[in-house]
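Let's take a friendly walk through this structure, one region at a time. Please keep the sequence and the 3D view open as you read.

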Amino acid sequence: MMSEALLHQKVLNYYKERDKSIFSEVPFMSRIIDLVILEGEEITSYELKVRKWKHAIEQMKEHRIASSYCYLCMPKKSVSQRLSEKIVEELNFYGFGFALWNENSGEIENVLPARKSEFLIKPGIDRLRENIRTLLCSQ
């Protein structure tokens, strides 16, 4: 089974290779967002999980005040068809997206596109952008 750290590295590299403006382990509120992609005004956050996908939903409920789009990403090999259907149903309720990392192809497979967050608030967005700037300055 793939570790969360390895999944993190694979997905991070995948987006870096596609010239995405991506940031790893961004502090936000009481949590750390695994991956954040900036595309103009849009912010997309990713929670990466090998198991404990319900925990990711709790995390994304906080992220959605600052992230336009929130995704859960899991290794494809660790998600059965039945589990995938259950996760999709749950994520869809919140408007969150679901992506699978396909180790065989080295690609992200989007199973459920995220809907734009209806909970965005300017102070949340400003705080997340500020935390990203702080990360950039400390590199």
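This is a predicted model: local features need pLDDT of at least 70, side-chain atom pairs count only at pLDDT 80 or more; totals for chains, interfaces and linings use all residues.

Glu 25 belongs to strand E1, and its phi is positive, near 50°, although the residue is not a glycine.

Met 29 sits in the loop between E1 and E2. With 51% relative accessibility, Met 29 counts as exposed, because the cut-off for that class is over 50%.

## Helix H1 and its buried face

Now turn to helix H1, which runs over residues 4-17. Its 14 residues reach 20 Å from the first C-alpha to the last, close to the 20 Å expected at 1.5 Å a residue. Which residues of H1 are buried? They are Leu 7, His 8, Val 11, Leu 12, Tyr 14 and Tyr 15. Viewed down the axis of H1, these buried residues fall within an arc of 155°, so they line one face of the helix.

After H1 comes Asp 19, with a positive phi near 55°.

## Helix H2

Helix H2 spans residues 53-63. Its buried residues are Trp 53, Ala 56, Ile 57, Gln 59, Met 60, Glu 62 and His 63. What covers them includes the strands E1, E2, E3 and E4, together with helix H3.

## The largest pocket

How much space lies in the largest pocket? The computed value is about 160 Å³. Its lining is made up of 14 residues, and Tyr 94, Gly 95, Ser 117, Glu 118 and Phe 119 are the ones nearest the centre of the pocket.

Strand E4 and helix H3 (81-94) each supply at least two residues of this lining. By residue class, the lining of the largest pocket divides into six nonpolar, four polar and four charged residues.

Notes
Residues are numbered from 1 along each chain as its sequence is written. Side-chain values use heavy atoms; hydrogens and water are left out. Helices (H or I, at least four residues) and strands (E, at least two) are DSSP runs, numbered from the N terminus. The expected span of a helix is 1.5 Å times one less than its number of residues. Buried means under 20% relative accessible area, exposed over 50%, partly exposed in between (1.4 Å probe, protein chains only). The arc is that of the directions from the helix axis to the C-beta atoms. On a 1 Å grid over the protein atoms alone, a cavity is a set of points where a 1.4 Å probe fits but cannot get out, and a pocket is an open set with protein on both sides within 12 Å along at least five of seven lines; lining residues have an atom within 4 Å of a point. Grid points are joined across faces, edges and corners, and a volume is the space filled by probe spheres set on the points. Ala, Val, Leu, Ile, Met, Phe, Trp, Tyr, Cys and Pro count as nonpolar, Asp, Glu, Lys and Arg as charged, and the others, Gly among them, as polar. Contact means heavy atoms within 4.5 Å.
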